[in-house]
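User: I am new to this structure. Please take me through it step by step.

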Amino acid sequence: MNAYLACVLALAAGTYAFRLAGPLLHGRVELPARVQELLAVGAVVLLVALLATGALTEGHDFAGWARPIGVLAAGALAWRKAPFAVIVIGAAATTALLRLAGVS
């Protein structure tokens, strides 16, 4: 068996186990309110970190100013509760127009 295939299968089994644990343990485990609050904050922190690395980097280098400004435009549209399609198209259009204007 290829080592890569073994790793993929192990990760798939672990992911399935995590997804299965939720419904199986739903009524059996009570988490304190403070733990639930910390988990919610932790999830937000992870999403912000993913957003920052995706918006600011390309490979090992800075992605340029057009992409972060496009992400800010998407954030502004989401803040105003625009539909998802409008948010995506607005971010893409903002980034494209900035790159067309010469902003990398």
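User: Let us start with F62: how exposed is it?
Analyst: F62 is partly exposed, with a relative accessible area of 46%; buried means under 20%, exposed over 50% and partly exposed in between, with a 1.4 Å probe and protein chains only. Please note that this is a predicted model, in which local features need pLDDT of at least 70 and side-chain atom pairs count only at pLDDT 80 or more, while totals for chains, interfaces and linings use all residues. Residues are numbered from 1 along each chain as its sequence is written, and side-chain values use heavy atoms, leaving out hydrogens and water.

User: How many aromatic pairs are there?
Analyst: A search of the whole structure gives one. F62 and W65 form this pair, with 5.2 Å between the centres and 70° between the planes, an edge-to-face arrangement. Rings of Phe, Tyr and Trp (its six-membered ring) pair if their centres lie within 6.5 Å; planes under 30 degrees apart are stacked, over 60 edge-to-face and the rest tilted.

User: And is W65 buried or exposed?
Analyst: W65 is exposed, at a relative accessible area of 55%.

User: Stepping back, which elements does the protein have?
Analyst: There are four helices and two strands, in the order α-α-β-β-α-α from the N terminus on. Helices (H or I, at least four residues) and strands (E, at least two) are DSSP runs, numbered from the N terminus.

User: What is the overall extent?
Analyst: The C-alpha trace spans about 55 × 45 × 25 Å along its principal axes. The radius of gyration is 20 Å, whereas a compact globule of 104 residues would have one near 13 Å. That radius is taken over C-alpha atoms, and the globule rule is 2.2 Å times the number of residues to the power 0.38. Of the 104 residues, 12% count as buried.

User: How do α2 and α3 cross?
Analyst: The axes of α2 (residues 33-56) and α3 (residues 66-79) come within 8 Å and cross at roughly 140°, so the two helices are oblique to each other. Angles under 35 degrees are roughly parallel, over 145 roughly antiparallel, 65 to 115 roughly perpendicular and the rest oblique.

User: Which residues meet there?
Analyst: L51, G54, A55 and L56 in α2 meet R67, P68 and V71 in α3. By class, this contact has five nonpolar, one polar and one charged residues.

User: Now α4: where is T95, and what does T95 touch?
Analyst: T95 lies in helix α4 (residues 84-100) and is buried, at 14% relative accessible area. Leaving aside residues up to four places away in sequence, T95 touches A66, R67 and G70; contact means heavy atoms within 4.5 Å.

User: What about T94?
Analyst: T94 is also placed in α4 and counts as partly exposed at 24% relative accessibility. With the neighbours up to four places away excluded, T94 touches I69, G70 and A73. The C-alpha atoms of T94 and A43, 51 residues apart along the chain, are separated by 28 Å.

User: Where does A101 sit?
Analyst: A101 is in the segment after α4 and is exposed, at 63% relative accessibility.

User: Finally, what is the phi of K81?
Analyst: K81 has a positive phi of about 60°, although it is not a glycine. Most residues other than glycine have a negative phi. K81 is in the loop between α3 and α4 and is exposed, at 74% relative accessibility.

Methods:
Axes are lines fitted to C-alpha atoms, for helices over the stretch in contact, and angles run from 0 to 180 degrees between N-to-C directions. Ala, Val, Leu, Ile, Met, Phe, Trp, Tyr, Cys and Pro count as nonpolar, Asp, Glu, Lys and Arg as charged, and the others, Gly among them, as polar.
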